[in-house]
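These are my notes on how the two parts of the chain meet. Please read them with the model open.

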Amino acid sequence: MKKMIDLIIGARPNFIKVVKLNRLLRNHFNVRLIHTGQHYTKEMSDIFFQDLKIPEPDYVFDVGSGTHAVQTGKIMVEYEKLLLDKRNDLTLVFGDVNSTLATTITAKKLYIKVGHIEAGLRSFDKTMPEEINRMVTDTLSDYLFAPSVDGVNNLLNEGKNRKNIFLVGNIMIDTLVENMSFVKNINIEKEFKVKNFSYIYLTLHRPSNVDDKKRLLKIIKFLNVIAKKYPIIFPSHPRTLKMIEKFSLMNEIENGIKIIQPVSYLKSIALQMNSKFVITDSGGIQEETTFLNVLCFTLRKNTERPITVLNGTNRLIEPDISEVERIFNFKVKKPEKIKYWDGKTSERILKVIKNIL
Ligand code: UD1
């Protein structure tokens, strides 16, 4: 009998990571693709399934939004029901979202093995919900699939057993490599009414940036100065839009900043590739810009992806108006190739899993 593997997806970055692995695993195992429903709207979820041709999930929990405890708790309840009804042999979780944490705890309490894809990343900042999710998930997981050497080192420093750590590379790059030809068909100039390499692509959604009025206003003022030189295309995450409205900050945003709906995966990559540079607080975009050799300014004090700064095109910045000139004069040196960021991470994970199960 074929072994049963659960693949857990819940939020936007998970959908991007699951694409190829889901396909490969199905040739060897019974796979249940489980969507927790953490992200549920057309722009945050459906569009990724269409764009990336991800098959319909086998189970959808529809947990929706809520506080961390509510969201995590609801996912645990739903996943436990499924596991009690029909157990599996391995649960595979991705990244650092609440769905990752919730399903890891649930599986482990039912003595089910867990593999964590994107293990070992650390910002060393426990005020980030994602850091807590990463730490707990790595502590409980049986198999730790690290995207880069710094991840491996973090896990070893925390006392994890070397034989459970697998350096497999960055699974997001698999999807990027596979979809490059579709990305190249996108005409940014026509679609977004800007000139290539003369606009800035912005994404912003971290609670530390958008949940505090003073910080959010400081960022808006900083962006207003930048937008005087080049237009900013800003597909706004629902969290950010909600906060801008809650704090009545919409009037502070000047014309050069073009707020649009969240964009699809393919458009997000095309917007990065054709931009003058990117400003973001997303984890995935720090990695994608490094792979694409696009300059990226990350509006954070720290990053759990230091390899994108050391070997890549990423720079951490503060939203200070005094930084603007430095940003425009910044020259990138050609990034170094990062080991196993080559589009074949899913194959490496499959090989490990075939050995384990
Ligand atoms: C989550 C992840 C974050 C990841 C991000 C990618 C956690 C702790 N955080 O943050 O690591 O970078 O996803 O997008 O898991 N909302 C909608 N439609 C949706 C989903 C959410 O309108 O489809 C709104 C909800 O009102 C919610 C807010 O966005 O209150 C935040 O959503 P949530 O999933 O709680 O966290 P994210 O900020 O998206």
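1. A polar contact is taken here as a pair of N or O atoms within 3.5 Å; within protein, one must be able to donate a hydrogen and the other to accept it, and residues adjacent in sequence count only if both atoms are side-chain atoms. By that rule, seven residue pairs, both at pLDDT 80 or more, are in polar contact across the interface of domain 1 and domain 2.

2. The model is predicted: local features need pLDDT of at least 70, side-chain atom pairs count only at pLDDT 80 or more, and totals for chains, interfaces and linings use all residues. Residues are numbered from 1 along each chain as its sequence is written, and side-chain values use heavy atoms, with hydrogens and water left out.

3. Domain 1 covers 4–169 + 341–356 and domain 2 covers 181–329; the bounds come from an automatic or database domain assignment. Their C-alpha centres are 26 Å apart.

4. About 1,900 Å² is buried between the domains, with 60% given by carbon and sulfur atoms (accessible area, 1.4 Å probe, that two parts lose on being put together, summed over both). Of the area that domain 1 buries against domain 2, Glu-43, Asp-51 and Trp-341 supply 28%, more than any other three residues.

5. Contact (heavy atoms within 4.5 Å) involves 23 residues of domain 1 and 22 residues of domain 2.

6. How many salt bridges does the rule find across the interface of domain 1 and domain 2? There are three, a salt bridge being a side-chain nitrogen of Lys or Arg within 4 Å of a carboxyl oxygen of Asp or Glu. Separately, Glu-304 and Arg-134 form a side-chain salt bridge at 3.5 Å, N to O.
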